[in-house]
Each structure stands twice: as structure tokens, then as C-alpha cells.
Amino acid sequence: MEIHFNEIFTDLTGHKPFPWQQRIYDDFIRGIIPKVCDIPTGLGKTSVIPIWLIALAGKDQDVYLPRRLVYVVNRRTIVDQATEIVNKICYKLRYAINYESNLLYPMASKLRKMATIKNNEGNLLAVSTLRGELADNLQWRFDPLAPAVIIGTVDMIGSKLLFSGYGDTKRARPLNAGILGCDSLIVHDEAHLTPGFSNLLHSVQYFQNAFRANTVTPFLKVLELSATSRQGNDKRFQINGDDRRHPVVQSRMNAHKRLHLHKVDKKEKPVKEKLAELAFRHNENNSRVVVFVQSPQEVTKIYKLLIEKLKKASEEIWKKENNSASIPKKVKEELQNHKESLVTVLTGEIRGRERDILLDTQGMRPFTGKIDPAQCVYLISTSAGEVGMNLHADHMVSDLTTLDSMIQRLGRVNRFGQTEAQVDVVYEKGLLMEKKGPLQKTLRLLEDRIKEGNSDVSPAALLQLMENSDSSKAFSPPPEMVDTTDILLDMWSQTSLNDFSGRPEVAPWLHGIQENLPETWMAWRQEASLLSSGDLSNEEIAKWFQKCRLTSAETLRMPTFRLWKETEAKRWAEHNKDEMALILFPDGKAEKIQIADLVKQSSLLNFATIIYPVQLGGLSPNGFFDGQIKKEVNDVCDEVDDSLQRLVLERVGSDYHFVPLADWQGMTIPEELEERNADEWHSWTSLRDASRKIETQYMKKMVFSIKFRRAKEWEDEDNLQECWLVLLKEKGSPEKKKIKIPTVEEHNLEVANIMNIMVKKLALPGKIREALFLAARHHDTGKDHQRWQRAAGFDANNTSFFAKPSAGGINWRMLDGYRHELGSVLQALDMKTIRIHPEYDLILHLIATHHGWARPYFEDSAFPPEIDAATRQQVSLDIMMRYTRLQERFGYWQLAWLESLLRRADGIASAQQGASEEVSDE
């Protein structure tokens, strides 16, 4: 059955395609991907996702189109909106695959055939969101052949691409880099906002092109989306005459927006006061008025000024209506509260949870199209509101900004051409007398239009303005770029190295060097006081946050240089100087630190996260860091992910009890034990027994525990006190029937069968295909070692060797550092079929790296104990030299991609044999 774009697009999105969407589909279906798609705001740039998906299913077999689309934008809200769009598409495809008569059935059927194995859950498209949330369901990397959409921020995607994924373990970093860096289309939305990331993507393509002679998989493709591209006309995919004649496009392109410039003398009236005054002029209308300014501090000041104006106006009306010269205190408070509900503030420095709530408040809902305003509502915003959400205002008040930013702001006003919008822009007197720069160029361009009697700033008018030779000079200057070099890539890609001070933090390569960088994140957790004041090591604290990760809903961010700049922040830090906090570094390490030292050692905080105890306060009701707020902060970890549960398990002598972390009041005093509630206390036998009790009561699985209080030597045996912080997680689907644990031979055969399917669908070269098959066939032979078998819970004298651990998992202490992958390599060295194979290096490397090690080496403890020192030294050298030779041959990302095929064949086979992903990729 043939796939018809127009009908499919309409079914998937709910509206017919614009002409430009049809044209870019025609390019995609022929394997042509433009470098830049420069489409005005409001014309559906996000639709490249369904367009790519329809083309992927509809293209001819000999046409190449990446099987993964990675949608990257530096705004959290649009990440969530894009995820919602794709999830709706997935739902429609899951429904369609069951009905051949459904319009989407041919498309769904072709997508299903691309995957390695048929997905029993009916998910034909893997969808994952990477924005620092637990929301990453890992679907995108489960099957590297399955079509996938990955949606994330510059930080999350860029760090993974550079083998340094934020929050990733060392073993996951090459896997993630390989899958993202090959056979993927990275769509960089609002690319003008993050030119540093564009520069990085182009650098990646440059280094990949150096390995064209040894290509075994398609490399990265890049498509930049922007309404204000810095590229020249010859490189852009743009709207044309057909688009301009489209009635819907016409109404949006020619939407009425009239510009008024206001010059103020800051000695007579500051810009903020003029902005508040102009916004207030709309108060009598049922309008949505957006006020844009450049700094978060100005947002707060304008908010207070506007609230005061609105309050005075409402009080005058009340006096007049009630024929009264004074207003009762209660009425004053009601009027104040009502006016505050009509004015919303939005900046990038709000904690994620409060930001989520903000988007559905009475004052914000009119701007997101959920309701019509019953009276005038206001939104005061920084650049956080310029992009990243379907924001719609009737009028705009703004300070002067650069042309690219001004175009984004104007895109939020009268988006659908339904009203007559007034745009007021305020600037300071004497601006043109200062040294010329982007602001002055922007003002000149706008003034010249008004002098010519043209105050139109519709999208069509702005396109004409962009044709002016001075328009590019009115853009904000790009940040200083940092070059990506082969030396840096060598360091980043050696992911199995332990502490290596020469490996630089990747953020400058993601963003360039900017004034507001580096940044620091802040979060508040109930367990922070326990972890920071207990007997724990920094490594143990880091492990806890790997298991109970911080999410973007829990954090707010600020430029590092501004952390202690404001007076109230300094006072707050001074007041809490002796209190302890935690730092999480970008590489996943943690450190306990006094707040006094936080202030003194600000350089520690570059791209790090500070975790404060909730008792310290410091967070305003609106989600801003505020040193004046003493109230305990609401820990929102459990709200974000209700599948998690944090408990405190306390043992006193021969008894123990457990309570939710939020309810724990501190260690029980031994004298009070006689008065305890017997139903809440149990007889202590072991931690394992207590774990079972907890799991039974909460019907969740204990996934981690950490002892933060150890018994002291001087304590009486009957009153020994110990405390554990415990993390529970939902068990998920009902318990399956007990599954037979596969032997090493059975598992190796299954992985080889999966690999056979993969390499045939990928049409790899014959010798590479054989290498992957042989690596799969022998990858786990090292598990037949008695040390691994005993650690996995089996009798080492058994005649059968098992590939997965028994109930209870691996006993890591008993394993004592042994790595079965290295054991498999040692056995493979003696196999003639491998030794004589032309891809001998690749086979051994794939076996060595199938859990992320051997990049470039193993620890000495990873060897079987019977191997002598000379052999260890020679094998270690061979592993490192083999890694170097293969990376020089295939390149950084292609070698990691080849590794990922074996790792994912192993994961898929393990899942089919009943093991979890965590076990299969130990």
C-alpha cells in the first residue's frame, strides 16, 4: 500500500500541511536533508518530526534517511511539548497496526519491520525525553535498529555526544555516544540561541568525515531550525510564493503588529517605570499583555510597580462603587491578592516544579490558549518566554534588545493574525550616542522604518527587514567558540579511565564561552542533612544520587557569578555558614561542604548542583532563590516520581522500625523504647530480613540502601543505634512466573541469533558481520569461571555454568573485581576461528567492551586470580593498543556504535530470557 503524505500528515497532526511542509517531505523522501530550515514563528517548525517519520516509512529501500531523530532545544518547555506531540503520534500508530483498513497501517507496518525484533507492547516508535529527568525510559537505546525520537536539551544531548553524558555511568557513556553519533538526524531547534552547539555539531561532522574510507554505518546528519538564521540565503530552506499565497500562512505572516518607540531619560523616569506605565494602559481591556525585559532582577521590579498601579486603580473603583473614602483592611488584601493573580512572572531561574504549576495558573492560562481572558492579564518575562512555548499575547511592551531577540519576542504577539496588536519598545535617551553595537543597529533599523511611515512589524515585514545589509550586525554577537580537537576527543572517549584530571568539563564546547556561563543548579532535599552530617564517604553520597536522581522539577539554575552577589543571598549564606550542604559535580561525584566554604570556593560550583537541607529555607513561593525566606522548602522528589519512596530504617539494639523520610523525627532515644508502638517495631535479625518486611508492606522493591549512622564502640549492646536511608521503587508489571536461568552456552547462542538479525537488516560488510557474530557467540564465556559462578549464587562445581545471577543478584564482594568480559577475551585468544579471522582485533575489542570497559583498559583486579603478572601486563597492553588501532580506523563514534550492537544484542537477548536491563548491562 502506498503512503500518501497529505492524508497521513493530516491524520497524525490534525491539520493539513503547509506548502513548505510538503516540499521538505519531498526532500526527505529522496534522502535530501537541508542544513538550515529558516521558517517564521507560528508556521509549525516542530512538524519536521512527523514529516521525517512519514518519509522514513515511505522512502524507497535504496534511499537513506536516519532511523533516529534527535530533537534538541535549549528550552525545557518545548522539550515537554515536543514529547507530547510525539506520544500522540505513537498512540495513533499503536492503534493502527491492528487494523489493515486504517489509513496509518502501511506506515505502522513499515516502521515495525525496521526493528530487530517485534515489540510485543506495540510500540513502533521509541520515544525518550532527556532533560535531566527520570523520564528517560531508555527506549531510544534498547534496540539501535528501531525508529526512535529522542527529545532533549543541549546539555543532555551534547554531553552524551561527547562521551561525557551528565548523569551517565562510565559504562553507559560510549553506548550513548555511539547510538546518538551514528545513523541519527539531529534537529537543532532555535539554533540561533545556541550557536556554540551548532559549532560542536559541525565539528563532529568534520571528524566523522575523516573516516569516510572506513564507513560501515551512516554518520550524523544535522538540520538547524530557526526563525532568525545567521546563514546566507543560499544555505536556507525557506517559505516561498506558494506558502505566502496559503490563506492560513497569509493571516499569520501579515498579522497586524504596530510598533511604537519610546525614548526615556533615566534621570526622569527609569525604563522599568515606563514599561510598567505602558503595560498598565491596557488595563481596561480584556487583553493579554506580555512585558519582555532582559534581566530577572528587572522582572521583579516591574512586577512590583505594575501590581501597585493595578491595586491603586482597583481601590479607586471600589471607593467609587461603595461611595467610601476608605477601604477595609480585608478588602484591601482581597484586591491585592486578586491583582497578583492576574500578573505572572517567568524567568529561567524558577525551580522546575513551580514553573510547571505556573503554566497552569489563572494568570498564565490565557497566554497558552487554554482560556480567554475575562479581564486584562499580564506576563512579565525574560528570554525564557521568547521561545519554547506556544505563547500568545494580544499586545507587547518591551525594553530594547538585539534584532534576533526582538524577532522572537514579536513572534509571541498576535501569532494567528486575529487582533490588532500594539508593540511598545522603550529605550534610554542617548543610546545612539554610545559606542555602536547590536542594540544601536537594531534601534537604527526600527527608527528608519517608522521614519518611512512604516510601523508594521508583522512576520512578513520582518523578513523584508532581514534583507537589509545591516540586519546581521543587529544580531547578538555569538559567544567565543571553543575548538573541538582530536586530543580532546581522545580524552573524552577513554571512558573507563578512573580519576583523570586532564579530562575537561564539556560545557564550553556545548555553549561556547558566555557571560552567563558557567551556571550552578540548586536543589533542596530532606535527606541532605542526613547525608552531609553522617559517617558517609563522598563516594557513598554520589551513589545515592545516582539511584535517587535529581530532576529538573527539583532544581533552579543561576549564573555562578551571581550566586552570592545579591545582598539577601549574602546574608542567607552568612546566617547558615556553619550548616552543611552537598555538591554534585557534572561527572557524578559528590562532596560534603560547609556553606561558608561554598561562598569562598565559588569555582567549585561551575556547572555543579548544590543540594541544601530543606530546613534552611531560601526558596520563595514562586520558586526563586530568596535569602529572606526562612520557611522550610517543600521537597518535591516524591511528587515528581510517585513510584519512588524514601524511608529511614532505624535499628535500636535488637529491634527496628521504618518510617517515610518525611515523617522521621530523628533517632529514637533508648529510654523511650519501652513506650514504643509494638505494631511499628520488629525483632532484628538481618538487613535482608528487614528489606523483605519493607517490600511487603509498601509493595515496592528496595533498590538501594545506605547506612548513614553506624553504631559507636562505646554504646551498650542493647542500645546500639544504626540508621539506613532506603530507596524503594515500584515493581512495575506483576511478577512473572519464575523463568529458567539460561546457561552461558544458551545465552551466547541467543545473543548470536539476535546479532544475526541485526547485521542482515543493516547490510554490513561481510567480514564486519562475521566479527560481530563471533563476538556475540563467545562474549560471555568468561562467566564459566568459578569466581563468577559463586558470586552469582551457584555452586562452582556444577557441570552447567549459568549466564545470569540467581535471586539476590551478584555478590560484588565475592567477585572481588573480576570482569567476565576479560575472562572471555582470554578464552577467545585460544580460539582458532577468532585468531585467524581478518577482523581479529575487532572481535576481541567487542568482547572486551560489551559492558563499557576496555576504553582503554581494565583494572588489574579484573583478571582471573590465576593469571600471572607477566601475562596480565601483556594482555593489558594488547587491549589498549587494540582500542587505539580500531579508533584510528573507525573513528570515535563509529567504533562506539559497533560496540553498541553487541551490547544491545546482549540486552535484547537478556530481556527475552527474563533478565532486567540493569542485570544484562551490569
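Me: How many of the residues of helix 16 are buried?

Reply: Please note that this is a predicted model. A residue counts as buried when its relative accessible area is under 20%. In helix 16, which spans residues 403-410, eight of its eight residues are buried, and the helix is mostly covered. The buried residues are Leu403, Asp404, Ser405, Met406, Ile407, Gln408, Arg409 and Leu410.

Me: What covers the buried residues of helix 16?

Reply: In general, an α-helix has 3.6 residues a turn, so residues three or four places apart point the same way. In this case the cover includes both strands and helices. Among the strands are strand 8 (256-264), strand 9 (288-292), strand 12 (395-399) and strand 13 (420-428). Helix 17 (438-451) and helix 18 (459-466) also belong to the cover.

Me: Is Leu582 buried or exposed?

Reply: Leu582 counts as buried because its relative accessibility is 1%. Leu582 is found in strand 16, residues 580-584. Leaving aside residues up to four places away in sequence, Leu582 touches Ala528, Leu531, Ser532, Ile541, Phe545, Glu591, Lys592, Thr609, Ile610 and Ile611.

Me: How many disulfides does the structure hold?

Reply: A disulfide is a covalent bond between the sulfur atoms of two cysteines. The structure holds zero disulfides.

Me: How does the radius of gyration of the protein agree with that of a compact globule?

Reply: For 922 residues, a compact globule would have a radius of gyration near 29 Å, and the protein has 30 Å, which agrees. Taken along the principal axes, the C-alpha atoms fill a box of roughly 95 × 80 × 55 Å. Of the 922 residues, 57% are buried.

Me: What share of the contacts with a separation of 6 or more joins residues 24 or more positions apart?

Reply: Such residues account for 74% of those contacts. As for the elements of the chain, the protein has 36 helices and 23 strands.

Me: How many positive and negative side chains are there?

Reply: The protein has 122 positive and 127 negative side chains, and the centres of the two sets lie 5 Å apart.

Methods:
Residues are numbered from 1 along each chain as its sequence is written. This is a predicted model: local features need pLDDT of at least 70, side-chain atom pairs count only at pLDDT 80 or more; totals for chains, interfaces and linings use all residues. Side-chain values use heavy atoms; hydrogens and water are left out. A disulfide is a pair of cysteine sulfur atoms within 2.5 Å. Helices (H or I, at least four residues) and strands (E, at least two) are DSSP runs, numbered from the N terminus. The radius of gyration is taken over C-alpha atoms; the globule rule is 2.2 Å times the number of residues to the power 0.38. Buried means under 20% relative accessible area, exposed over 50%, partly exposed in between (1.4 Å probe, protein chains only). Contact means heavy atoms within 4.5 Å. Lys and Arg count as positive and Asp and Glu as negative; His and the chain ends are not counted. The place of a charge is taken as NZ of Lys, CZ of Arg, CG of Asp or CD of Glu.
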